[in-house]
Every structure is written in C-alpha cells, then in structure tokens.
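Trainee: I am new to this structure and would like to go through the terms one by one. Could we look at it together?

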Amino acid sequence: MSARPSPQIAAAAAASMTFDPAFRARLRDLLVWRRDVRRFRKDALPAGALDALIELACLAPSVGLSQPWRFVIVEDGAMRAAICKNFAACNAAALAAQEPERSSLYARLKLAGLEEAPAHFAVFADRATAQGHGLGRHTMPEMIEYSAVTAVHTIWLAARAQGIGMGWVSILEPVAVAAILNVPAEWKFIGYFCLGYPQADDCIPELEQAGWEQRRLPPSLIIRR
C-alpha cells in the first residue's frame with residue numbers, strides 16, 4: 001500500500017500552509033533585521049539552543065538531497081585560541097594590503113566577535129559525500145558548497161528569529177582552520193561563526209554605519225534580457 005497522501009489530504013495540507021500578509025511582513029522584518037553581529041554579550045545561550053538551530057538549518061535545500069553540510073561545534077578552549085590567533089594574523093595581513101586612504105578606517109572596524117561570543121561553530125561542505133548519488137553535480141560540482149551556504153543562511157535567520165545574533169568570520173585561512181579542527185581532508189571550509197546575544201539590535205549593517213560601503217538598491221543589480 002502506498003504511503004502517499006490522497007489528493008484531498010495533500011490539498012488540505014497545502015491550504016493550511018498559506019501565509020497571510022501579516023506573516024509576509026514579519027518575514028521581511030526578519031530579513032531586514034538579520035545582521036552580521038560582531039558585538040556580543042557574554043551571556044550563555046540556553047542549553048541545546050545551538051543544536052536546535054542546526055536542526056532547523058538542516059531543512060535547507062541541497063543539490064540532489066545530498067545534505068553536504070557538516071557542523072563542527074567548537075567548545076575546546078585551545079582550539080578557540082588557535083582560531084583567534086589565526087584571525088589576528090590574517091587580519092593584520094589584510095590591513096597591510098589596504099590602500100593607504102582606507103587603512104585607517106579598516107583598522108577601526110570590529111570584524112569578529114571571537115572573544116565575546118559564547119558559542120562558536122564552523123561549517124564545512126563534504127565534497128565526497130555519496131548521498132544524492134551525484135545528482136545535479138556533474139555540470140556544477142560547486143553546488144555542494146552552495147548547498148552548505150543555504151544551511152548557513154537558514155540558521156542565520158532562525159537564530160535572529162530567537163533574538164540570537166550570528167557573525168560570519170571570513171578573515172581566516174581555510175587550511176589552517178581545517179587543521180585546527182581536525183576535519184577530513186575532503187571537507188571544504190565554508191565559514192566560521194560566532195553565536196550569541198547581540199549587544200544591540202540594528203537594521204543598518206555595521207559596515208555601512210562605519211562608512212566602509214553602502215548598499216546598492218535592487219534596480220542597480222537587475223539585468224533584463
């Protein structure tokens with residue numbers, strides 16, 4: 001006997017998932033207020049909060065249903081210290097590479113909350129996964145990495161909906177991070193993340209407030225053919 005629901009049941013389920021204008025407005029608010037947080041309070045997250053967020057992240061779409069995302073929760077103090085040291089070295093190199101007219105501004109930017117955030121985790125993409133049987137990857141193998149990024153965005157929104165902030169630390173050397181965290185060689189580093197309660201909420205990106213860059217309006221990013 002098939003476990004597939006009848007057309008009547010499927011239609012009823014679809015009808016129950018209709019989202020009204022109020023929900024859509026709140027969803028837009030969530031997108032607007034999602035920020036890359038660098039300034040955290042040191043309050044610990046509730047027990048199990050990160051695991052619950054990761055469970056939501058695993059609802060993200062993935063190529064061929066491959067679910068290639070791998071989450072490494074970093075609790076070890078020595079590993080965290082090594083990550084902080086790598087960030088400091090990479091950030092110093094990035095500062096040295098800035099144009100003279102921007103170097104002083106770069107030096108004033110706070111680009112990570114590694115010291116303050118109560119929770120750290122890294123996301124990798126398992127490029128060797130057999131799950132999904134290669135569907136959708138023959139012409140675009142990078143879809144594995146893109147799929148992991150969708151999981152990152154999902155956890156980012158889910159965290160913000162709970163009043164938790166997340167910061168993406170990209171000023172790190174991927175090979176060094178993989179070595180510090182001792183992950184399989186076939187895992188591709190996607191990002192290192194800080195998680196915690198933000199010191200303040202804001203709908204304007206911190207880099208925009210600091211004068212580093214301005215957001216472009218959507219019409220300037222659309223090409224019609």
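What follows is a set of questions on the sheet, its strands and the cysteines.

Mentor: Keep in mind that this is a predicted model.

Trainee: What is the order of the strands in the open sheet, and how do they pair?

Mentor: The four strands have the order 1-2-4-3, with antiparallel pairing. From one strand to the next, the twist averages 30°.

Trainee: What makes strand 1 and strand 3 edge strands?

Mentor: Strand 1 (69-74) and strand 3 (165-169) each pair on one side only.

Trainee: How do you know that strand 1 and strand 2 pair?

Mentor: Pairing needs at least two bridges. Strand 1 and strand 2 have six bridges in the antiparallel sense, so they count as paired. One example is Val 72, whose bridge partner in strand 2 is Ala 122.

Trainee: How many bridges join strand 2 to strand 4?

Mentor: Eight bridges join them, and the two strands run antiparallel. Val 123 has Gly 191 of strand 4 as its bridge partner.

Trainee: How many bridges link strand 3 and strand 4?

Mentor: Strand 3 and strand 4 (residues 187-196) pair over five bridges, again in the antiparallel sense. Val 169 is bridged to Tyr 192 in strand 4.

Trainee: Why is strand 2 called largely enclosed?

Mentor: Eight of its eight residues are buried, so strand 2 is largely enclosed by the rest of the structure.

Trainee: Which helix lies across the strands?

Mentor: Helix 6 (residues 143-161) lies across strand 1, strand 2 (119-126), strand 3 and strand 4. Helix 6 runs at about 155° to strand 2.

Trainee: How many disulfides are there?

Mentor: The count is zero. Cys 84 is in no disulfide.

Trainee: Why is Cys 84 called buried?

Mentor: Buried means under 20% relative accessible area. Cys 84 has 16%, so the term applies.

Trainee: What about Cys 194, buried or exposed?

Mentor: Its relative accessibility is 1%, so by that cut-off Cys 194 counts as buried.

Note on methods:
Residues numbered from 1 in each chain as written. Predicted model: local features only at pLDDT ≥ 70, side-chain atom pairs only at ≥ 80, totals over all residues. Heavy atoms only, no water. Axes fitted to C-alpha atoms, helices over the stretch in contact; angles between N-to-C directions. Contact = heavy atoms within 4.5 Å. Disulfide = S-S within 2.5 Å. Buried < 20%, exposed > 50% of the residue type's maximum accessible area, 1.4 Å probe, protein only.
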